[in-house]
Amino acid sequence: MAVSEKQRKLVTAMQEGLPLTPRPYQKIGESIGMSEKDTIRLVRDCVHESLIKRFGVVVRHHELGFRENAMVVWDVPDNRVDEVGEWLGNQTGVTLCYRRPRRAPHWPYNLYCMIHGRNREAVRDRIETLRQSTKLGGVSHAVLFSKRRFKQRGARYGFDEGNRQRVNA
């Protein structure tokens, strides 16, 4: 897919994230020589053309005082995993929830969720509350506390300058 110069500038400006201002598209537009209205229109066009596939949010939980986090993995019966996953993803303290295939015989878990807390005790308490619910009662699980923190960032895109094609970066 050919990428226009305006699209390339927009994607390049946006890949560092939206500015934390009341009018982020105005600020991005200023940086690439466009009005706020034209920038919003171009973003819509890029989404429609699948140049931009999704918007995501990276919450910097550590800076917000949530110093501990754990990935909890659950061995949910396959006929209940969608129901339990939807319920779990809507629970307070669960910041991420997704399904993955089991890797038998060593890894029986198929539902994963991330829980953040101000300290390890708070995370353990939240896991115990969830574990005692009727949705998760008796479901085998494991708790994996993080030991290191890695930088989180969104996707990066490169462009082949010769023909303005998008390339993986």
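Of the contacts in the protein with a separation of 6 or more, what percentage comes from residues 24 or more positions apart? Residues at that range account for 63% of them, where a contact means heavy atoms within 4.5 Å.

Some ground rules before clicking around. This is a predicted model, so to speak of local features takes a pLDDT of at least 70 and side-chain atom pairs count only at pLDDT 80 or more, while totals for chains, interfaces and linings use all residues. Residues are numbered from 1 along each chain as its sequence is written, and side-chain values use heavy atoms, with hydrogens and water left out.

**Start with the cartoon.** Colour by secondary structure and you get five helices and six strands. Reading from the N terminus, the order is α-α-α-β-α-β-β-α-β-β-β. Of the 169 residues in the protein, 31% are buried; buried is under 20% relative accessible area, exposed is over 50% and partly exposed lies in between, using a 1.4 Å probe and protein chains only.

**Select residues 5-14 and 36-48.** That's helix α1 and helix α3, whose axes come within 11 Å and cross at roughly 95°. Axes here are lines fitted to C-alpha atoms, for helices over the stretch in contact, and angles run from 0 to 180 degrees between N-to-C directions. The two helices are therefore roughly perpendicular; that label covers 65 to 115 degrees, with under 35 roughly parallel, over 145 roughly antiparallel and the rest oblique. Show side chains for Lys6, Gln7, Leu10 and Met14 on α1, and for Thr39, Leu42, Val43 and Cys46 on α3: they make the contact. By class, the contact of α1 with α3 has five nonpolar, two polar and one charged residues. Nonpolar takes in Ala, Val, Leu, Ile, Met, Phe, Trp, Tyr, Cys and Pro; charged is Asp, Glu, Lys and Arg; the others, Gly among them, are polar.

Which residues meet here? From α1 it's Lys9, Leu10, Ala13 and Met14, and from α2 it's Tyr25, Ile28, Ser31 and Ile32. The contact of α1 with α2 divides into six nonpolar, one polar and one charged.

**Now the rings.** There are two aromatic pairs to find. Rings of Phe, Tyr and Trp (its six-membered ring) pair if their centres lie within 6.5 Å; planes under 30 degrees apart are stacked, over 60 edge-to-face and the rest tilted. Pick Tyr98 and Tyr112: this pair is stacked, 5.4 Å centre to centre with 5° between the planes. Tyr98 sits in strand β2 (residues 94-99) and Tyr112 in strand β3 (residues 111-117), so the pair ties together parts 14 residues apart in sequence. Tyr98 is partly exposed at 26% relative accessible area, whereas Tyr112 is buried at 12%.

Next, Trp107 and Tyr109: the ring centres are 4.8 Å apart and the planes at 75°, so this pair is edge-to-face. Trp107 is partly exposed at 28%, and Tyr109 is buried at 12%.

**Last stop: Asp82.** Find Asp82 in helix α4 (residues 81-89). Buried or exposed? Asp82 is exposed, at 58% relative accessible area. Draw a distance to Arg99, 17 residues away along the chain: the C-alpha atoms are separated by 8.3 Å.

Technical notes:
Helices (H or I, at least four residues) and strands (E, at least two) are DSSP runs, numbered from the N terminus.
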